[in-house]
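Biologist: Could you take me through this structure? I would like to start with a helix.

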Amino acid sequence: MTSRHRSSDTAPSFAPRRRTVVKAAAATAVLAGPLAAALPARAATETPAFLHGVASGDPLPDGILLWTRVTPTAEAIPGSGLGPDTQVSWTVAKDKAFTTIVAKGSTTATAAADHTVKADIRGLQPATDYFFHFSAGGTDSPVARTRTAPATDAGVAGLRFGVVSCANWEAGYFSPYRHLAARGDLDAWLHLGDYIYEYKSGEYAARGKVVRPHAPANEILTLADYRTRHGRYKTDPDLQALHHKAPVVAIWDDHEFADNAWSGGAGNHTEGAEGTWTARQAAAKQAYFEWMPVRPAIEGTTYRRLRFGKLADLSLLDLRSFRSQQAFTGSGTVDDPERTLTGRVQLDWLKAGLKASDTTWRLVGNSVMISPFAIGELSADLFKPLAKLLGLPQEGIAFNTDQWDGYTDDRRELLAHLRTNAIRNTVFLTGDIHMAWANDVPIDAGTYPLSASAGTEFVVTSVTSDNLDDIVKVPEGTVSAVAAPIIRAANRHVHWVDTDRHGYGVLDITADRAQMDYYVLSDRTDPNATSSWVRSYRTRSGTQKVERTYDPV
């Protein structure tokens, strides 16, 4: 292991600007009443209940990870530490009526794991739909569908994934999840980070207005807090509906911890006043793995790799656990080879996996944008809110140091690896910045398009979190009409950017092309919001470039 890219770097003297200083967390006992009231209604008996739905994730050719949370007694709310040990069983079948049962088992749900349950089922058939439910104390959970991955050596005609990121509870309803669930044609769905948000109630909402309040109301700091917030999210009916229809493949970004998190802290963390970062990060990770159908991977992180036959493999990154502290924009340290976004071990793992891949497509689940980004000549009234959204200083430096732009040596090494080894058909799938993008990923952005493109990138917008028009507080589409042409002029590798709308993507893959269809919501604050297709972009096999196509799949 070389000295470059240390996983634990000495922090530079500059600390990222903290968005808030948070009051002390409320005690669990104080929260118990209001939280219990926020949960779905249940009988006054002590019969166990499945109030948070069921879910599945990380599909393999022979297996799937199942998840649920049982509420054994009324006081055993998420984060309470209360409630008895409870026997929970699961049943997996080939049909919704459960006439052909293929797997059964049981385990004990305990307060030590917040009464969450995981079952890693193996021995299943590849590329097959299955149905499952849990049972406890005579009560059955909802029935859900899941699907295994194709066999490793299988020729696969096509794959279809929903793609989402950045779901802020207080900023609106999760209609994108409902619309994806209604499709009925997904092999899986990808959540690219910010599944939950850590802020206190009212701090980061919909144009400053709370559509529905967080639980707990304080900024989440402790294990009980993180568990409570995950529990609140899992009561959302649209989120439950999507978990009931297809397996999820999830990675985390910063808000599963705190805003602008890095290996040794976060922009939204005050050491001492809010405890230690080590304790807060450990609490966030524990709650995440308890509440998400994700297999803990290397060193308890979310980087791992899944394969979908000969058509595609999917490398999933953890860009928070090992990164150096974000550089002060304009300090010149963004090019420092001692600084890292990925950590040495993860970057080597990614490079080796991309080189060894024998699939047609190499997908990379990537929580922050890898394509370089220059601001261009935006007017002051647009530049300042854009700088706020991207975490840029308002003096006008042209990069976002929380993204790959702040860790250019890692990016140069990865893109050079793709070019040197003639690795084709690498597609980065990205969330984080609450905008939709379709990008080539240039070797040298300064000379593009004369220089080569090493891959392509599809960035999906937020489910609900504020984007540029929300920050400026103007009608939807107003900002994008002005900003998008300027952004594209300054970034010739950007084929399309929408700075203003909320929604989701659908990624459809065949041997010939990978296509992202972008969908937008009518109104994130309307629980019955409609969805409409707005654009589609594809990359054809062998081209390493994006092109527009005029019909969704």
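Modeller: Helix 5 is largely enclosed by the rest of the structure, because eleven of its 15 residues are buried (under 20% relative accessible area, with exposed over 50% and partly exposed in between, using a 1.4 Å probe and protein chains only). Helices here are DSSP runs of H or I with at least four residues, strands are runs of E with at least two, and both are numbered from the N terminus. Please note that this is a predicted model, in which local features need pLDDT of at least 70 and side-chain atom pairs count only at pLDDT 80 or more, while totals for chains, interfaces and linings use all residues. Residues are numbered from 1 along each chain as its sequence is written, and side-chain values use heavy atoms, with hydrogens and water left out.

Biologist: Which residues of helix 5 are buried?

Modeller: They are Trp277, Arg280, Gln281, Ala283, Ala284, Lys285, Ala287, Tyr288, Phe289, Glu290 and Trp291.

Biologist: And what covers them?

Modeller: The cover includes helix 3 together with strand 2 (64-69), strand 5 (116-121), strand 11 (248-250), strand 12 (261-262) and strand 13 (265-266). Contact here means heavy atoms within 4.5 Å.

Biologist: What span does helix 5 reach from its first C-alpha to its last?

Modeller: Helix 5 (277-291) reaches 21 Å, close to the 21 Å expected at 1.5 Å a residue. The expected span is 1.5 Å times one less than the number of residues.

Biologist: At what angle do helix 3 and helix 5 pack?

Modeller: The angle is about 35°, and the axes lie 8 Å apart. Axes are lines fitted to C-alpha atoms, for helices over the stretch in contact, and angles run from 0 to 180 degrees between N-to-C directions.

Biologist: Which residues make that contact?

Modeller: Helix 3 contributes Leu223, Tyr226, Arg227, His230 and Gly231, and helix 5 contributes Arg280, Ala283, Ala284, Gln286, Ala287, Tyr288, Glu290 and Trp291.

Biologist: Changing topic, what is the strand order in the open sheet?

Modeller: Its seven strands run in the order 14-15-16-17-19-18-20, with mixed pairing. Strand 14 (304-308) and strand 20 (494-498) are the edge strands, each pairing on one side only. Two strands pair if DSSP finds at least two bridges between them. From one strand to the next, the twist averages 20°.

Biologist: How many bridges join strand 18 to strand 19?

Modeller: Six bridges join these antiparallel strands. In one of them, valine 441 has glycine 455 of strand 19 as its partner.

Biologist: What does helix 10 touch on the sheet?

Modeller: Helix 10 (478-490) packs there by touching strand 18 and strand 20, and its direction makes about 155° with that of strand 20.

Biologist: What about phi of arginine 207?

Modeller: Arginine 207 is not a glycine, yet its phi is positive, near 55°. Arginine 207 also belongs to the loop between strand 10 and helix 3, and is partly exposed at 28% relative accessible area.

Biologist: And asparagine 425, buried or exposed?

Modeller: Asparagine 425 counts as buried, at 5% relative accessibility. Its phi is positive as well, about 60°, and its place is the loop between helix 8 (408-420) and strand 17 (426-430).
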